[in-house]
Amino acid sequence: MAPFNLNDLHLFVQAVDSGSFTAAARHLGIPKSTVSKRVAELEGRLGVRLIQRTSRSFALTELGREFFQHAQASIIEAEMAEGIVRRHLAEPAGSVRLTASVPTAQFTLTEHLPALAARYPKLRLSVHVTDRFVDIVQEGFDIALRSHRGPLPDSALVQRKLASHPFLVLASPDYISTHGQPRRPEELVEHATIMTSLTENQWRLTSDDGDEALVTLQSVMAADEPYVLMETAAAGLGITCLPTSVCRKALADGRLVRVLPEWTAGSIETTILMPHRRGQLPAVRAVVDFLAERLGG
């Protein structure tokens, strides 16, 4: 059997990561026919079919899935070897794929992307924004930026905690002017509140002194998206509860003010997750270090 051409392995991995020869060719900037031909030549040298493809489908064979895992690891090792030289010769370069939920991308990540691009002009960042669960290993992502209230499950992924954002009780200045400022947690029952669910009717608050209060509330509206909660509260509909990662700009602009400023309602963590091998690549480390610098606190 002739030795592998590493370029063919790269094209095969890119085709699988992209989901089609067409998408891989577009990503690499080469003709689709080149990708298809080189993958076919790879299969010919191996004497097996790795990808079952028709005009409507593109799927790995069982042997192809196992081969892909090892081929992908080989490409990563090659990128790491190249990165060793890159670190000594130039700034971080290459592609980095990052995934984040809609709120995390919207409120935590997006404002920092221009500065990242300015610092590393040779780095190409691809940001995938979705609220579905993403298996970053199987789907070929380098970084996942996650916001979560409870601990993340144990896994083989590298975890790097960036920040903790307390939940604040908030309302618009107009709402406070019209309905008054609650002075104690139990006074919240007299006010309209905007919740994440109509079945939710309680907040568990903790004071700066460590006191706790479980308050029952009167919900006038519910929304499971933080932007909606923030905007309806800023419009004066009622009192809501949001993490500082979401509301800090609205607070700075005076669109929202803190209610019961000595009390918070738990916190949400921001954590970076990486596959172990990917986390060692210079371009990936550069993005992670940049986000730790900008988001850490």
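**Surface and overall form**

I looked up the accessible surface of the protein chain, which comes to about 15,500 Å², computed by the Shrake-Rupley method with a 1.4 Å probe, where for residues only the protein chains shown count as cover. Carbon and sulfur atoms account for 52% of that surface. I note that this is a predicted model, in which local features need pLDDT of at least 70 and side-chain atom pairs count only at pLDDT 80 or more, while totals for chains, interfaces and linings use all residues. Residues are numbered from 1 along each chain as its sequence is written, and side-chain values use heavy atoms, with hydrogens and water left out.

I find ten helices and 13 strands in the chain; these are DSSP runs numbered from the N terminus, helices being H or I of at least four residues and strands E of at least two. The radius of gyration is 25 Å, well over the 19 Å that the globule rule gives for 297 residues, so the chain is more spread out than a compact globule. The radius is taken over C-alpha atoms, and the rule is 2.2 Å times the number of residues to the power 0.38. The C-alpha trace spans about 80 × 45 × 35 Å along its principal axes.

I recorded 42% of the 297 residues as buried (buried is under 20% relative accessible area, exposed over 50%, partly exposed in between, with a 1.4 Å probe and protein chains only).

**Thr-99**

I located Thr-99 in strand S3 (residues 94–100). Thr-99 counts as buried because its relative accessibility is 3%. Leaving aside residues up to four places away in sequence, its contacts include Val-134, Ile-136, Phe-141 and Leu-145 (contact means heavy atoms within 4.5 Å). His-128 is also touched, and the side chain of Thr-99 reaches the backbone oxygen of His-128 at 3.2 Å.

**Val-129**

I placed Val-129 in strand S4 (residues 123–129). Val-129 is partly exposed, with a relative accessible area of 41%. Together with Val-102 and Val-127, Val-129 forms a nonpolar surface patch of about 180 Å² accessible area.

**Helix H8**

I then examined H8 (residues 226–234), where Pro-226, Leu-229, Met-230, Thr-232 and Ala-233 are buried. These buried residues pack against helices H5 (102–109) and H9 (244–252), and against strands S7 (192–195), S10 (218–222) and S11 (240–243). At the start of H8, a side-chain oxygen of Glu-225 comes to within 2.7 Å of the backbone nitrogen of Tyr-227. After H8 comes Gly-236, with a positive phi near 95°.

How values were computed
Patches are made of residues with over 30% relative accessible area and no salt bridge: like charges are joined within 9 Å, nonpolar side chains (Val, Leu, Ile, Met, Phe, Trp, Tyr) within 5 Å. A salt bridge is a side-chain nitrogen of Lys or Arg within 4 Å of a carboxyl oxygen of Asp or Glu. A polar contact is a pair of N or O atoms within 3.5 Å; within protein, one must be able to donate a hydrogen and the other to accept it, and residues adjacent in sequence count only if both atoms are side-chain atoms.
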